[in-house]
Number of protein chains: 4
Amino acid sequence: MVPRYARPAMSAIWEPEARYRIWFEIEAHATTKLGELGVVPESAGKALWDWWATDPKIDVEAIDRIEAVTKHDVIAFLTWVAENVGEQARFMHQGMTSSDVLDTTLAVQLSRASDILLNDLDNLLTALEARAKEHKFTPTIGRSHGIHAEPVTFGLKLAQAYAEFDRCKARLEAARAEIATCAISGAVGTFANIDPSVEEYVAEKMGLTVEPVSTQVIPRDRHAMFFATLAVIAGSIERLAVEIRHLQRTEVLEAEEYFSPGQKGSSAMPHKRNPVLTENLTGQARMIRAYALPALENVALWHERDISHSSVERFIGPDATITLDFALARLTGVVEKLLVYPERMQANMDRMGGLIHSQRVLLALTQAGVSREDAYAIVQRNAMKVWESDGRLTLLDLLKQDPDVTAALSEQQLEEKFDLEYHFKHVDTIFERVFG
Amino acid sequence: MVPRYARPAMSAIWEPEARYRIWFEIEAHATTKLGELGVVPESAGKALWDWWATDPKIDVEAIDRIEAVTKHDVIAFLTWVAENVGEQARFMHQGMTSSDVLDTTLAVQLSRASDILLNDLDNLLTALEARAKEHKFTPTIGRSHGIHAEPVTFGLKLAQAYAEFDRCKARLEAARAEIATCAISGAVGTFANIDPSVEEYVAEKMGLTVEPVSTQVIPRDRHAMFFATLAVIAGSIERLAVEIRHLQRTEVLEAEEYFSPGQKGSSAMPHKRNPVLTENLTGQARMIRAYALPALENVALWHERDISHSSVERFIGPDATITLDFALARLTGVVEKLLVYPERMQANMDRMGGLIHSQRVLLALTQAGVSREDAYAIVQRNAMKVWESDGRLTLLDLLKQDPDVTAALSEQQLEEKFDLEYHFKHVDTIFERVFG
Amino acid sequence: MVPRYARPAMSAIWEPEARYRIWFEIEAHATTKLGELGVVPESAGKALWDWWATDPKIDVEAIDRIEAVTKHDVIAFLTWVAENVGEQARFMHQGMTSSDVLDTTLAVQLSRASDILLNDLDNLLTALEARAKEHKFTPTIGRSHGIHAEPVTFGLKLAQAYAEFDRCKARLEAARAEIATCAISGAVGTFANIDPSVEEYVAEKMGLTVEPVSTQVIPRDRHAMFFATLAVIAGSIERLAVEIRHLQRTEVLEAEEYFSPGQKGSSAMPHKRNPVLTENLTGQARMIRAYALPALENVALWHERDISHSSVERFIGPDATITLDFALARLTGVVEKLLVYPERMQANMDRMGGLIHSQRVLLALTQAGVSREDAYAIVQRNAMKVWESDGRLTLLDLLKQDPDVTAALSEQQLEEKFDLEYHFKHVDTIFERVFG
Amino acid sequence: MVPRYARPAMSAIWEPEARYRIWFEIEAHATTKLGELGVVPESAGKALWDWWATDPKIDVEAIDRIEAVTKHDVIAFLTWVAENVGEQARFMHQGMTSSDVLDTTLAVQLSRASDILLNDLDNLLTALEARAKEHKFTPTIGRSHGIHAEPVTFGLKLAQAYAEFDRCKARLEAARAEIATCAISGAVGTFANIDPSVEEYVAEKMGLTVEPVSTQVIPRDRHAMFFATLAVIAGSIERLAVEIRHLQRTEVLEAEEYFSPGQKGSSAMPHKRNPVLTENLTGQARMIRAYALPALENVALWHERDISHSSVERFIGPDATITLDFALARLTGVVEKLLVYPERMQANMDRMGGLIHSQRVLLALTQAGVSREDAYAIVQRNAMKVWESDGRLTLLDLLKQDPDVTAALSEQQLEEKFDLEYHFKHVDTIFERVFG
């Protein structure tokens, strides 16, 4: 985790205090249920919740001091709770194993992290929708291979991004469901010393579902799927970031990351406004992708469990969620405030002198009876002149002066072929598909 | 693709002939719809389908010869079709771009590959369920960190694998839906020269859904999610493979890959039966995981498209699906024919001399009124003797001779604590959860 | 391996016949040495080499037929050789284990593959050096963040690429040395049944060094380092490919992949020349990087060996080397024939109206006694006018008309600050560093 | 970075104070050289170094406060230095660009990190050598595929690890040389405003070499190679960690991570000593490998530089080096204190009843004139009985009672074939190769 790429709400999930609070809730709910079952006195659960109702401060340092002696984090925590709650606390954790608490806690943390990320995605979608609709009919050149192809609208570009992040949201919802399970099943998952109804009770209270079969640990294919999903979302972040970086290139300059009026990029070079936010996002996407790998390698634990996954998760649990939260928020800000230059989009499109319409002319000529070979030769010779003029000549002007063209097409027919609107007649359809 | 790790049905999907067949269907359906719309003569579609009804052989070499001249695969194919169908064929591909055909074809190929993989998973699930139920109550030691912990059943191990691959199946179904989309939207996705209803028509005919917004290409976040999902499945394959490799170790030998009666492992060493299938699967899992990475990097194409994804997909499209198909089938065979040795499982469990029951004794002593400290010391001193005897002494025998124990617990009470069945009382519950 | 991305010489290394030829040489050299040691008759080695001198055809199908029976590739091969050589052949393989042959063969294959790749790198370096020197002083704008910064030369860009690939060559030489080792040490590497001098003899004959300590297999950290090195080279290929893709963008168009005079990109759009080769290289780089991952996971084999590495190497051995060979050759072709447009480079640079020289003016004003704050304000107000004119005004013209400037600097002093040559005074130094 | 997996000396390299100290040294050395060249007053460098000689405290918070205003880290630092040094400080940074300082600083940090890692490797090698020599002739079974094969010694296992980490050391030395370069070349690397001799001077003073051609930044193929090398080392760590985890399995138990006499694993199960350190190392190895990926993707920066690498390096610079340092130190501790159980090694080997010697008997019979087919049948029938007895019968006993055997071999000849020492006759040779 790099502090400058972290936001408080997400970071808080991974703080010791948050972890201890979840631990307590799991233990206290379990104790309540064990009381109901008559395994422990009903007073035990009550005592725990009464103390909790006083909103006690979690003394992380005190717990650390105990852990320094016991060398065991869960025992240290239970000891500290017992010091505060008293006698009744000794009924906690009956029949449970440390992993019951640790794995269920991770499930809660990742669920909460998912909720923040889902909210981030909602914000990004809102921003994309607003800007897409704002530029629904702002013409800009579509590019394949980085080369001018045919016209699109800037709104279509953003609608594509919206559809992509909408898919990311659905994926994240599925990934959240994957990891939101509760396991309270004892040392090797057999419920030998704890009734399955405790697991069911705690699951419900913590907003989780029951893990059908655990083996001391919740199986790590769930977490692999979760982090792989974050990696896919990172790919989509990179795609939009790269698009913006391209648009901001000096020679293109169709859009720019926001720059406040007074802000100075480079001392004396007013054009030196660098797309540093989207470059930064590109790098962050690489990290979030990388975190999926060790999660995939974590799946093949030995027998009922080995603890190799644990060190991995201490890294990627916080690092992947905190970085993705930051990245989504940063991208949302970039989209919301993106400076868009429609005139420049038009100017770039015009630099081709109308060549982007050549195919329509070709088609019109053949429909007017010119053979395909002749039509091709006619268009080609004019197109070549336009191209070689480097923007000084336009295709329409040249065609109007070409007798082979005017013999087949009227001036009006010709001009119609250069109509940008022709390309946008289905933008409504696409927007309807994307935004409903 | 490595031929020895390929099965015919999956490989066939990626053969040129299969691809050309899909191309034809897409083109012919589009022509039919264009006929309905009046853009081309209705006779055009009919001519194509009439020819197709004769079940013509796809002459891959002829198409290759044409491509050697045209340097364009789609045009070569269209030319070859025209040579066979005649005049009417020239109405094919009207308003379409090559990517419309190529990307929709990839969607069909990946969908069909998914269907094979889903069937593979069904077979694996069937095998796992049968063996799990067969060994539902076969006792075996549960191991955490590779160290004996508490008893489980071999059926529980397989039930866990079943639950895991059942999740894999759900994930693959979701991944299949991700990539089963159709794009017929023209050079930059605006439908400038083709009506969106053609896309809808072809999608329905080919068993796909409509891509809401494409940009010459179908967005690659879909494919990234698909290959990431295959990578997660590979992780689960590795987990089960590693489990079996562990069980087959000379010192453990609780299960073995099938070995036919007459088969000879090593010339004179009858114990030398190597778990080569599951080792092989471990390596294949590494490959399938690796293929997810370039798929994730493919997402960030430049602007409306660049073609960098294409070379990647020529590799991973076949390689990931063919290898996963092979791996799932191989794993299914291993599970179906796995030699299971319950006596050895029992013998391994017994080597601990009953130490795996020490915690239950400890609890019984405290419940019988012995202080926790004393109870711990009593159990510990006997346990240590058992451990040091390396399997010659048993905990039960020693406890029966320890007056501090017999003072608190009757022989019968003591023996009850060594009851394996105690651990299996919730196996039914877990099986119910997993198999319903 | 994708056939269209494969070249014959590299592919041949991975063909069965090539593998069998290496097998034979290893076995025959070992037999010769065993003869010298008196372990087998000296006539055995002689018989093998005499047969080999007849340049026998390797009958791959015959060997396959035998393997179908024996289920063991090395035994099948030995049997086929025995069928051809006769009685003496039965002394082959004495005291050896299959892995001795297989791992040493892989070492020979990877060494030969490295030799081809080193030659590829030499060709690429030759091309880069020629083009770098050709454009040593061709001015072009340097860009940070995609935004115009200060002038460089096109030769400097290529000199950088040269230096980078020269490092790649040194890395590959080191990687080649890593994997060029010979292990002939028996079932668990103890030389129990074969003298270490056989290993030394075969190593020398096959151009390898002796593996200091093997354990049936050559340790896989060597191969991990090898494939990781190929991954780094892929990164450098991607860098140069991305540079060219950027330069070919419609708005930039400072260079283009070669396009033969008669070649037609798009039917009527002469500007539609797509950088498909470098896009393709970008995708191939992703694959070569991905192959390093399973190689890294192969290191941790169990005990003296497990065979999980084998399936991985069947994929990545050919796939990584064949693809990298193809990519390096393709990149070399792109560099050799790259169309370079110096006028366009100049025109792009000029579009900024001289703003790229603003810092030098700023410095000159302060050196002429103007306070830093005033100097900044003076330059800034003129720069802003240039920027807002979108290329119609130039900074030099405006400064010449600004009395605050002319009070401090003469016209000649001012013009000197706009001298491009100023930026290139150390190009010789850099070229000297790179090309010596 | 996870605090519990961090050691102070390595962490300190990545603290702000350490970074600022390096920044100062780079700037001050550059100023000194600029003074020599007459570009700035010689007094400027002197003033800086005089202040530095007072060992001033780096006030990180003060610099942070300035950065909050300037939004630029290097400028904030320079401002703070100027506040302390006074007037002369304004000559600092003349002609330099921020990246000159930042990239050269990263080179110094990675070099220092490498020095710590090289020292870690030396410690690990020392531990491995000592334990290898201690157990040079401790017999233990060699295992292929997890199955007993033929005898090795425990010292050979450790000698293999020694040889592997010795290679890792050589690789790291090469990787250190890769990243230990200095770039002080200005905004696009042309030295337009700073003489190359400044770079040479600073490089020498900082213990670096000169970057032959930089482009504002040092090329990232260097860093890719560096982090890829760390990934390979992680693979070797995992290999040894997995070996120890295997040896500590309950059924194997030939070695254990150190457990202090009084330490208690599980309350009452004395066998419950988990290999948690090596499991933890396995997870850490996964992380270190993962960090290589974004480093590989960082290579292809756009044109002269984009800043996408920066966020990646903020993560992996500290995370990869700190984690590897911790892992190497932890592994060294594990090796130094590893509990080795030679009796158990012998007992495990004996469980096969001498089957591991069956091949030598087979060979002896054929050499004594028995046909290969008969010899095989004889050995096989006895071996099978041994195997089926599960350790109660031994091969030697049975062979002594088999008349077909005794007809061919004397008792003494037979016993010789079961001599373990036979397998160890070349251990000296191997040790000589490894330890010299």
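The contact between chain D and chain A draws 24 residues from chain D and 24 residues from chain A, two residues being in contact if their C-beta atoms, placed from the backbone, lie within 7 Å. On the side of chain D that touches chain A, two or more residues each come from helix 10 (276-290), helix 11 (292-297) and helix 12 (308-337) of chain D; helices (H or I, at least four residues) are DSSP runs numbered from the N terminus. Helix 10 of chain D gives the most to this side, with nine residues. The model is predicted: local features need pLDDT of at least 70 and side-chain atom pairs count only at pLDDT 80 or more, whereas totals for chains, interfaces and linings use all residues. Residues are numbered from 1 along each chain as its sequence is written, with chains lettered from A and ligands numbered from 1 in the order in which they are written.

Chain C can be laid on chain D by a turn of 180 degrees and a shift of 0.0 Å along the axis, with an RMSD of 0.0 Å, copies being superposed by least squares on the C-alpha atoms of residues with pLDDT of at least 70 in both. That is the relation of a two-fold axis. Among the residues of chain C, Ala228(C) comes closest to the rotation axis, at 3.1 Å (C-alpha).

Within chain D, the crossing of helix 7 and helix 9 is left-handed, that is, the near helix is turned anticlockwise from the far one by less than a right angle. Helix 7 of chain D and helix 9 of chain D are roughly antiparallel to each other (angles over 145 degrees).

Notes. Parallel < 35°, antiparallel > 145°, perpendicular 65-115°, else oblique.
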